[in-house]
Amino acid sequence: MADASPWRAGAGRVAAGSAMLAAVAFLPWLSGTDPALTVLRARSADQAPTADQLAAVREQLGLDQGPFIQLGRWLGGLPRGDAGTSWVSGAPVLPQVTSALGVSVTLMFATLVVTIAVAALISARTLSLGSRRRLRDRGTGAVAASLAALPKFLLASLLATVFGVWLGWFPPGGWTGPMSMVLPALALGVPTGAVIGGLLDHALPATFGEPWVRTWHAGGFPPGRLVRPVLRRTLAGVLPQLMPSVVGLVGGAVAVEKVFDIPGLGRLALDSALAQDLPPLQTATLLLALLGVAAGLLVKALRHLLLGPALRDGGLAAPPPPALGRRRATGWALGGCAALLLAVCVAGLLRDPSHVDTAARLLSPSAAHPLGTDALGRDMLARLGHGALRTTGVALAVTVACVVIGMLLGMAGAAGAGLTEVLSAVPAVLAGLLTTAVTGPSVWGAAFAVCLVGWTPYAAQTAALLEQERATGYLQASISFGAGPVHLLRHHLLPAVLPAVARNAALRLPTTILVLASLGFLGLGEQPPTPEWGRLLAENQPYLELAPWTTLGPAGALVLLSVLAAAGSSARRPKRRRARVHRPVS
C-alpha cells in the first residue's frame, strides 16, 4: 500500500491555502468599513465623498456581487496569467507583484548569507572546543540572546544613520543596486542569525556526546575531520528553523523595507491590505504561501540528504543530554542581570508614567530622569517600569500558547506539516488585520493574531526532532519490548523535544514583544498611552539620532529579558530513562 503521508501533507497545504485566500477575500466585508470608501480615499484622499461617487466605485469594482464572486473571478484569471487590476491604481497586478517579489527574494538571499555568517560565529567556540574534547561547561547564550533581542527596525535605523548618512559608505535608502542590499541584509540577518546560532550552539554538545563521536576520537581522527560530520548531524535539527525564518522575511520585513524605502513584497501586501486593494493582496498572499511550501519541501530534502539512510532505516544515534557544568561567574552575571532589570522596573513603578511636561521634551539622562524623557516630556524610567508586567505577561502568554499549539501540530504528522509550510511565510501583520476586522483593535486581539501564525517555528522544530527520535535504535528497541504510546511520549519523545523548543521560545521572546508592538503601532493592538516596551521603541524610533536614550532603555530591557529567558531555558535538561526499555508496557 502506498504511503499516505504525501497525500495528507498535500491536503493540509490545500486546506490552509484555501482558508487563507478566503479570509483575505472577506477582509473588506469583515472590516465593517465600506470597501468603496476605503478605496476612494486611497485613490484621492477625499475624506467626504458623495453617495454617487461611492456608488460608482461599487459598480466599477463589482463590490455588490460579494466576496465569493470576486474570489472566483480572480482565481479564474490565474491560469491565463491574469491576476486582475489594482482597485486603487488601475494597473495590472502581476507585473507589480512580481517586481516586488524579485526585490524581496534578492534581499532574502543576501539576508541568508548574513544569517549563516552570524550563526557560524556564535557556534564557533562550541564547535572548536567540542571537536578537541575540551568542552567542559556550557555558556549562557548571552551573545546569541542579546543579538536576537535587537529590534530589526531599530537596528535598520541605526545602520542607515551611521553607515548611510554619517559615513556615507552605503546608500541610506532606496533600491538601486547591490550596495543597497548591505544594510537591510545586516538589519534582518543579524537577529535571525543569532536565533539560528543559539539553537545550533545549544544542540552541538549533545551531538559531541554521541557514541560515534567518541569512537572517532578513539580512532585518532584529527579534530578537523569531526567538524563536518558533527555539523551534518546537528544541522538536520536546525534547518527547519533556518529556511522558514529567512523565507518568512519576504513578507515579514515590512518595517525594514519602510526604513530603507525598499519596494518589497511585504510592504506591497501591507499597503494593499490597509487600502483594502484585494487583487494585489490576494496575489501576494498566494505567492507567500507558495514560498512557504517550497521552503518546507527544500528543508525536507536537505534533512534527508544530511542524515542519509539512517533516518529511513532507524539507524540514528540518540544524542544524550550533555553533562556540562556552568561556571560560577556565569551564575553571578545572570543574577546581576536579573537584579538590574528588577531594580529598574521597581524604580519606574514609583514614578508617574503619564505626566506630560512639554518643557522637558527629549531631556538627556539626569538625576531627575535617569533614563531621560520622551518627545512629550514623559519620564522614560517610569514608562519602562509600568510597562514591564504587561509587556512580559502578554508576551509570555502568547509564547506559551504558540509553543503548545506548535508542539501539538508538530505531532500531527503530514497534515500538520502542510499547514505549517503554508502559514510559515504569512506575516503577523496580515493575520492582525484579519483578526482585528472581526474582534476590533485590542491587546488580546493582537495576541490572538500572533498566535495564528507564531506557532509555525515550534511545529516545524517538533516535527523534525520527532522524526529523528523515531529513527533511533533505542526507540525501536523500546517498541519491540512492548512500550506503549504514553510511555514513549513521556520517557523518550518529549524529553527529546522540550529542551530545544524551550530554547527556541526563549530566543524568540523579544521578537514576540516587537511583533505585538508593531500591531499596536498600526492601530491593531495595544493603544497609546500604554507604556508597552515595544511601543516605546516604535514611538521613539524617529528620535534615534537626536535623542538615542529614548530607545536605549527599552532596548536594554529587552536584551536583559532575552538573556535571562535563554539562560533559564537551558538551566535544567530532562533526563531520558533509557534503562527502562527492557520493561514491557502494556
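The chain exposes about 25300 Å² of surface, and carbon and sulfur atoms supply 67% of that. Please keep in mind that this is a predicted model. Looking inward from the surface, 53% of the 586 residues count as buried.

Now, the overall build. Along the principal axes, the C-alpha atoms fill a box of roughly 80 × 70 × 50 Å. Does that go with a compact globule or against one? For 586 residues, a compact globule would have a radius of gyration near 25 Å, and the chain has 25 Å, so the two agree.

How do the helices' residues meet across the sequence? Take the contacts in the chain between residues at least 6 apart in sequence: 77% of these join residues at least 24 apart.

On to charge. The chain carries 45 positive and 26 negative charges. How far apart are their mean positions? The answer is 19 Å.

You will find H217 in helix α10, which covers residues 211–218. Is H217 buried or exposed? Its relative accessibility is 17%, and because buried means under 20%, H217 counts as buried. And what does H217 touch, once we set aside residues up to four places away in sequence? The partners are G130, S131, R133 and L226.

Technical notes: Residues are numbered from 1 along each chain as its sequence is written. This is a predicted model: local features need pLDDT of at least 70, side-chain atom pairs count only at pLDDT 80 or more; totals for chains, interfaces and linings use all residues. Side-chain values use heavy atoms; hydrogens and water are left out. The radius of gyration is taken over C-alpha atoms; the globule rule is 2.2 Å times the number of residues to the power 0.38. Buried means under 20% relative accessible area, exposed over 50%, partly exposed in between (1.4 Å probe, protein chains only). Contact means heavy atoms within 4.5 Å. Accessible areas come from the Shrake-Rupley method with a 1.4 Å probe; for residues, only the protein chains shown count as cover. Lys and Arg count as positive and Asp and Glu as negative; His and the chain ends are not counted. The place of a charge is taken as NZ of Lys, CZ of Arg, CG of Asp or CD of Glu. Helices (H or I, at least four residues) and strands (E, at least two) are DSSP runs, numbered from the N terminus.
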